[in-house]
Amino acid sequence: MKQPGSALDPLWFKDAIIYELHVKAFADGNNDGIGDFQGLLSKLDYLQELGVTCLWLLPFFDSPLRDDGYDIADYLTVHPSYGTLEDFQAFLHAAHDRGLQVMIELVVNHTSDQHAWFQRARNAPAGSPERDFYVWSDSDEKYKDARIIFTDTEKSNWTWDPAAKAYFWHRFFSHQPDLNYDNPLVLQEVLQVMRYWLDMGVDALRIDAIPYLVERDGTNCENLPETHAVIKRIRAEIDEHYENRIILAEANQWPADVRPYFADGDECHMAFHFPLMPRMYMALRQEDRMPITEIMAQTPVIPDNCQWGLFLRNHDELTLEMVSDDERDYMYFAYSADPRMRINIGIRRRLAPLVDNNRRRIELLNSLLFSFPGTPILYYGDEIGMGDNIYLGDRNGVRTPMQWTGDRNDGFSRAVPAKLYSPVIMDPIWGYEAVNVEAQQGDPSSLLNWMRNLIALRKLFRVFGRGTLKFLQPANRKILAYIREDGDEKVLCVANLSRFAQPAQLDLSEYEGMVPIEMLGYVEFPPISRQPYAVTLGPYGFLWLELHPARESAMPQEEDGALVASDVENSASLFQEENLRKLQEVILPAYLPRQRWFGNKSMTIRNAVIADRCALPGSTATLALVRIEYSTGANERYFVPLDTAFGAAAQALRENASSSVLCTVLSPAGQGVLFDATYDPKTCTALLAAIADGAALHMQHGSVAGHPGASLPALMLGAEAGSADLAPHRSTAEQSNTSLIFGNRLIMKLFRHPEAGINPDCEMGRFLTDRTNFHHIAPFGGSLEYLREPDAPTTLAMLQGLVANEGDGWKWMLEELDRYYENNISETIPPEELNRFERSAAQGAQTSSRFACDRAGVSLNAAAVLGRRTAEMHLALASAPEDPAFTPEPLSAEYLADLRQRINEEATRSFDYLKRNLSSLPDDAVEMGALMLSRRSRALGVLGTTSQLTSAGQRIRIHGDYHLGQVLRVKTDFVILDFEGEPARSLEERRARHSPLKDVAGMLRSFDYAAWSALMRYASRRPESRSRLEPWAQLWERSANAEFLHAYVETMHGSGLVPGDPEAFAGLLDLYLLEKAFYELMYELNSRPDWVTIPLSGIAALLDRDTR
Amino acid sequence: MADVETAREPVVPTVRSGVDLLVGIPVLPEAEALSALATRVREAAQTLRRGYSIVLAVPGESGSGAPASLSAELADWEPGSFSVQTFPAATSPNPAGVSWLAHAASVRPMAAMAAVARARVCVLLDPDLALNPEMMPAPRLALLMEPAAEGGFDLVVPWYAGGPFDDLVTRSILYPLTRALYGARIENPLGTMFAASAQMFPWIANGLTPDGARHADRQPVPTVLAASRGLKICQVRMGARPRLAESIDLSEALAQLAGPLFLEMEDTAPAWQRVRGSHDIPCFGAASDPLPATEAVDVRHFVEAFQLGVRNLREIWSVVLPPVTLLELKKLSVLPPADFRMPDALWARIVYDFALAHRLRSIRRNHLFGALTPIYLGWVASYAAQANAGGPAAAQGLIEQLARTFDSEKAYLVSRWRWPDRFQP
């Protein structure tokens, strides 16, 4: 049986407020001048009132104290200065009684050289298990790629031990030998130490110096796979024997390098986000949000059961390891005018002195700390704005006694002052007479009371600990604005990083109709509309705004929106009379815009009419087609399966899938909910059965029919709908459609916004599966069609075989490129490598060089495979001339003229829009945009040229929306997905025939995007690397294009589908590339100005080629 | 108040598992009364749609007295369908307290027993009613059991009929406050008679807050436990209940009645701050007309008590109440009794301010309710003057109007709660 923890929620750490303190520095109970557990126990009421929920104690174990306790001599005893083990246990119980969790340190990278293990090791024979508790070497040359961390004091990571007559390894001070995890006995001992404290009831362990546990030659000895194996073993031990205990990793690394410490949620529960901390100070000083948004952009997603630990200050220096050289210099200039303030690679100062004791700056930084995604960690004394003493050695200046009162020794101890472990701070600004708890408790406007209120406020909102983060992009970069979202809980945070008042216009159109309510004072703000939302913030001001649905803000009676069911077994009564009126006029218009799959969120719905409906056999669901009538604009139709649930099922939906709930349903058996039936496995199974069985369902006006594909029996492998092998679940990756997954065999795409007419996705999937030998697609399994005369049939759902894969091509390629950049960052490209690409590459007659293949082999090989598959797809699509829907047609001069005309119009629109928005572009894009505008006439001239292409090939059915995101990486090959075409276009447009080169252009542009967006991502971690890597991005993009085209042309050879003349081939391809690039330019100008350089440089390159 | 907060962990006796209904009563009746109760419980259960195995839980020792005698009687009943189970008698932390508190100590052990027995429903009876066959005949017992046993409700609470001057603390504070906070219009939010589904047992037994914290040291308030989690609650009309002459100090009564709700407010703040508006909850049982008042109330004493408070407690009130409220109270204090009217919004804000002061411990909690008492008497005077003038239906309308004002003034509470700055209007 597992031993329970003091917390009941396994994810308690996500909602925690952690308070870091040193027993030595907090309160002295026995008046010997050193803080102790008795003293700490006497201050628990203070901590409880402050509102923190978890206490993190710095090391309190027996130690020679040469590194403030991080040099442990005995893991199982309490240092006598701090009390006894019984004192610790009394403290632990008292903390738990107050609902406080306790975190202690597990410092197991190294011990003190006074530890019995080390004394035994240095005297044991070389090679013996005792000696091997530590890392020894006969020379100090081993592991020479490992950096020295304490650069101020250590010259080497090796120190000679005369007793052992060998060097021992230490990543920190030379009196802290590293343990040797290659010796299994070490881990056994460490696990015993851990169990000792967990058995006592400790809730959390902070694992110190976690990246350095294992060493390997030829590496930098950080973050090694063997280290992760050790952590996994520690975690497994915890999970096996204990409930609700956690480990927190101290890994001062880039977020991407810390990510592996979460693994799949089976290593550390928490890890510090080190690089964010200095960037908050940098953003504040520079009055620019970029340092923060950049680091958060490169912060990877972590598993749901994991959490970042965020902090403004801690017991160490404000570390500047995770910043660039320029940034470090800036931080030194900005925050450490006196050289004494610097230590190692950082600044040894507390929060308040860092910001010149400016209350508003302190509040602003805390508002960021408490509203960013992660668990905030407060350092003792910062809640009252304590100062530091830079004249004390090492980092002791930020470890001075807690300032409790204005009495002798600041109320910390009644010992004679000379006995104190550290002098108290006594100067007129920071001294204990000016800054102390007692005074601030009595002052309603004190920082302490402000902090207490802020902590209490944060604890009211789960979204801060658990919600997602999305940055807004107001033009004013002094404003940092972001949305935190957790289910229905949405909070908008806006911060002014400037010392002067600032205006901002926020694009909140996604939340149109919602009402912001200022959270501190519960003040209602004007509702959000489609127009930019204007806010003005005072110097260093911040706003936290809850976003409430507009209807709620008027405080309606809840039953106004409830339906009344006469029978819980039959939902028909919900679609009649008064219920139907409420559903159509109130409930659906409020519900639909909240759904991700609903398109026109910005338009006002006048009515949502249930145009047709029927019961779905095998379930209690109703299949409804809803006609949306907008205040302005054309009607639309949506497919909305609905069902009711009562009792525990209803409660579960409210708690776990609140966005699925439309409204309350009152019935004789109590309250229930009307909900999106795709959340019910029974409905999913019934939909599958409807297709598999070829069901014919009569609706009120039309009918629904299932059409199984020829391959469906093989795809189901003898299993029936509802069997365990086809257990349904709803995919969380919801976009404009909803996907239902059945076991590991089938996936059903529900078209939420179905259009009357032949669905190209179904049509192409059925054609390729049933009538060709092209197998690199997800096999078509069937469809569900709605028919209502005189309209054409409407596809409501499509069933396909589920393809096991390694993710989509876009994600896969970005990862490959990340590795490519990492491997080549220190290399230089010979100039001839970039210059070797000629016009012949665009004609498919050139491959990449040996040099490029050696450096990016896997991804270039993948590009070639993709080229081949693309060609095979096109050949298959042209393989049935007898089928009128797929008959190839000659590519006529009229088509070409239309194409040129279309591109010309798109280009004109893009240039106009670029001109209007030039000033709001990021700095690096402004110059490129201006250059492009200066070439406007020339560009339009090129497009206006009416040159004729001879032998232009054929027009055939094509994919139509082809890019890396539309293919899946399957082992060493690709599978092509999603033949739906561009959703914004009409069905007729999506089924139109084009040259296959339109698809080719789509993929080549996608390569361009992959190369540059991977570079942007990489450079956001290492900004200094950008210019160095740009030639590498060009090399990869050109090589990938060449490989793709070469394979494509080779496979298409002789088909007559594409121009046979190489020049004509390249000319037509360039036209499609331009069409795509101008489309991208408009998109980026509207949505992602930071990315606008990608299409701009793509267009520039194409124009250069065309004018050459 | 300290007593309310220091209840101990329940001692859970062994109990056979697999029962359907666990019916408990917090006092041990005479053998004859216990037998009669068992018969009525069985009759009530028999009116339900399906057969239930029942355990009747009573305090005491199994081998003696009334339980032993009842066990002997049960030998003649259908085997396995009904049994009696004893549990150690819980001592009331405050035997001189108001009636709910006198029995509250039994709530947690009873829920713990129901959890151990894996019962589907736990019914806790108020002995003052349940032992009286006229007030609690079998059909009324069935009314209490049925929604939890067969209607899918998680909590069933009684709604007692009363006259305009009955249960005024409940009607002026507990009902409107609970309604505004949690959105559910529960007429009697505080009581020790209820039926609960299995979902409620662990929360009641362990004193779990919605965020998972454990408050084993408090008497549970099942209505808040259920409402703050959005569980299904319904009311059953139970007719009138006996009015016991409770010779308890009014301040103490306020502490014992409002104190538990104020405590719950702290733990359930994330839940109630998201609730907007309020809604009726399902109600079963025949509705009856409001009972008439037995006699008109002389408001002069209440007004005098209020005026005395204004003269003596201004300093203490100023720690709790904002200046604008103090000014309003001062203006009220000079009105003659005939004109004395306390606006609903003023009273709602005062209750909210005292709830906040309770959380912040602005003054000692026992003193806090002492300070509230004269203002409460002022509200009583205002209400009584209006209720005297109208009939019982009008009085009910006044309470409903007051409750709506609590709803609409809730934003005031939320803002004060979130940022409790004393520097306010």
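1. Let's start with A:Glu1084, which counts as partly exposed because 19 C-beta neighbours lie inside 10 Å. (The cut-offs: buried means 20 or more other C-beta atoms within 10 Å of a residue's own, exposed means 12 or fewer, partly exposed is in between, and C-beta atoms are placed from the backbone.) This is a predicted model, where local features need pLDDT of at least 70 and side-chain atom pairs count only at pLDDT 80 or more, while totals for chains, interfaces and linings use all residues. Residues are numbered from 1 along each chain as its sequence is written, and chains are lettered from A and ligands numbered from 1 in the order written.

2. A:Glu1084 sits in helix H33 of chain A, residues 1062–1087. (Helices are DSSP runs of H or I, at least four residues, numbered from the N terminus.) Beyond four places in sequence, A:Glu1084 has contacts with A:Pro1089, A:Trp1091, A:Val1092 and A:Pro1095; a contact means C-beta atoms, placed from the backbone, within 7 Å.

3. Now hop to chain B, where helix H7 covers residues 138–150. H7(B) has a kink of about 30° at B:Leu144, shortly before the proline B:Pro147. (The bend is the angle between axes fitted to the seven residues ending there and the seven starting there.) Both B:Leu144 and B:Pro147 are among the buried residues of H7(B). Just after the helix, B:Gly152 has a positive phi of about 80°.

4. How far to trust chain B? Its average pLDDT (the predictor's confidence in each residue, from 0 to 100) is 85. Go carefully with residues 1–10 of chain B, though, where pLDDT stays under 50.

Notes:
Helix = DSSP H or I, 4+ residues; strand = E, 2+ residues; numbered from the N terminus. Expected span 1.5 Å × (residues − 1). Contact = placed C-beta atoms within 7 Å.
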